[in-house]
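Hi,

Here is the structure I said I would pass on.

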Amino acid sequence: MIDQATGMKPGERYRVENVERAHQFPGFFLDGKYFLGPELLTAVGWLEGTRFIYDSLDAEGEPVFADRLAGTIEGLTLTLVDGTVLELARLEASAALPPFDTPPTHSEEGPLPVVGPATPIKGPLRGKVVVITGASSGIGRAAAHAFACKGARLVLASRDEEALFEVLDECTDCGTDAVAVKTDVSSSDQVEALAARAAAFGHGRIDIWINNAGVGAVGAFEETPLQAHEQVIQTDLVGYLRGAYVAMPYFKAQGSGVLINTLSLGSWVAQPYAAAYSASKFGLRGLTEALRGELTEFPDIHVCDIYPAVMDTPGFRDGGNYTGHALTPPGPIYDPERVAKAMVACAISPRAHTTVGATARIAHLASYLIPGLPHLSGWLTRLGLRRSPSAAISSGNLFEPPSGRRSVTGDWQPPKDRTPLLVGAALVGILAGFAFASTRRRRN
């Protein structure tokens, strides 16, 4: 039945007829939605009655049309907000654009360029709106790649706008739809704006919110500036609270949602010389448990904690360093993509706690077995710092994005390194010995 207002028939495709303006609207309308091309997975525009809403950004990241209103469609005529009148024509089955579920691969002139995957991505995450903070490097960047490959629609957030658009390009190369939103999670206003942009991008929905942005400051407690301690807590703890605070109303309104928080093995074992980081990670455990207690009436809203071991990210290179010595991550070191895979798994099948890396599991066990573990950790940290070369004091990325190359890895781990396995086995023996010795002392 033809819509009397727009002139469109359900199940039929319509495109702009005016050749000189068709480049502006190269896609097609279908059942009240506008698709840029048959290879894309989700609509970038839609009809509200006769009003055509076009939710897309230009090369500068600005909306193509103010307030996203492109114009109106009546009687197969698209009238743009600037008064331009464009005619719409129905696409025949044999026309240049094939059926939506069969992407084009060839034309009379030869192979057509593929903007997305050769076949539509299928699966439980296809079309889901996923917000990722700290997406410009490390675990966040790996997560962006992983969710893009699953067909999710991504809202990428970070302070580093230039790096963020690099990630955007990498994700859209997979054929998915994504936007980049410059965001500092230590600002409540910016996190609220991020949520509003994500909801607009998702036509009112936010399905998955990943709190991942993080900074660190290493140094003796009283030798590290108070502002540095405060910035770590504002980002690593309060920033997560802000993310949960803005995401939860959408989750409750739609009756479902997944909140994923990147914690650390430092959530169980205190990190001497990183007091604010430890306070943040220990605090996050309390935050997430409290949220779960409040969500018992919402069985389809989940809070998932990810506990990674030490990951090969740029974090140690970019973080604040007030020790006077060069910082290198303690082994064993793992690939950040393992955390990204765990996040995808939680988004599909939510679980409260996920540990990534054998040493994280060992640290969790040791936190219960060895009462004096922080003392041992402090001794080992001091020993490592004293043996490390001298380095300049630096606030690193605490107050502004770092300079230099942004990437998933920090290039700390050699290729095919077997250290995680060997050191993990050694740690098991050491911790078992400490546990046995502690038990003997208590008995005596």
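**Helix packing and salt bridges**

Glu166 is partly exposed, with a relative accessible area of 36%. Bear in mind that this is a predicted model. Glu166 forms a salt bridge with Arg141, where the closest N and O atoms are 3.4 Å apart. Since Arg141 sits in helix α1 and Glu166 in helix α2, the pair ties together parts that are 25 residues apart in sequence.

The axes of α1 (residues 138-148) and α2 (residues 161-172) come within 9 Å and cross at roughly 25°, so the helices are roughly parallel to each other. Their crossing is right-handed. On the α1 side, Arg141, Ala144, His145 and Ala148 make the contact, and they meet Ala163, Glu166, Val167, Glu170 and Cys171 in α2. Sorted by class, that contact has five nonpolar, one polar and three charged residues.

As for salt bridges, a search of the whole structure turns up 11. One of them joins Arg292 and Asp305 at 3.2 Å, N to O. Arg292 is in helix α5 (residues 275-294) and Asp305 in strand β17 (residues 301-308), 13 residues apart. Both Arg292 and Asp305 are buried.

Another pairs Asp318 with Arg406, with the closest N and O atoms 3.0 Å apart. Here the partners are 88 residues apart: Asp318 is in helix α6 (residues 315-318), Arg406 in the loop between α9 (373-387) and α10 (419-443). Asp318 is buried at 7% relative accessible area, and Arg406 counts as buried at 12%. Through shared partners, salt bridges join Asp160, Arg317, Asp318 and Arg406 into one network.

Cheers

How values were computed. Residues are numbered from 1 along each chain as its sequence is written. This is a predicted model: local features need pLDDT of at least 70, side-chain atom pairs count only at pLDDT 80 or more; totals for chains, interfaces and linings use all residues. Side-chain values use heavy atoms; hydrogens and water are left out. Axes are lines fitted to C-alpha atoms, for helices over the stretch in contact, and angles run from 0 to 180 degrees between N-to-C directions. Helices (H or I, at least four residues) and strands (E, at least two) are DSSP runs, numbered from the N terminus. Angles under 35 degrees count as roughly parallel, over 145 as roughly antiparallel, 65 to 115 as roughly perpendicular and the rest as oblique. A crossing is left-handed if the near helix is turned anticlockwise from the far one by less than a right angle, and right-handed if clockwise. Contact means heavy atoms within 4.5 Å. Ala, Val, Leu, Ile, Met, Phe, Trp, Tyr, Cys and Pro count as nonpolar, Asp, Glu, Lys and Arg as charged, and the others, Gly among them, as polar. A salt bridge is a side-chain nitrogen of Lys or Arg within 4 Å of a carboxyl oxygen of Asp or Glu. Buried means under 20% relative accessible area, exposed over 50%, partly exposed in between (1.4 Å probe, protein chains only).
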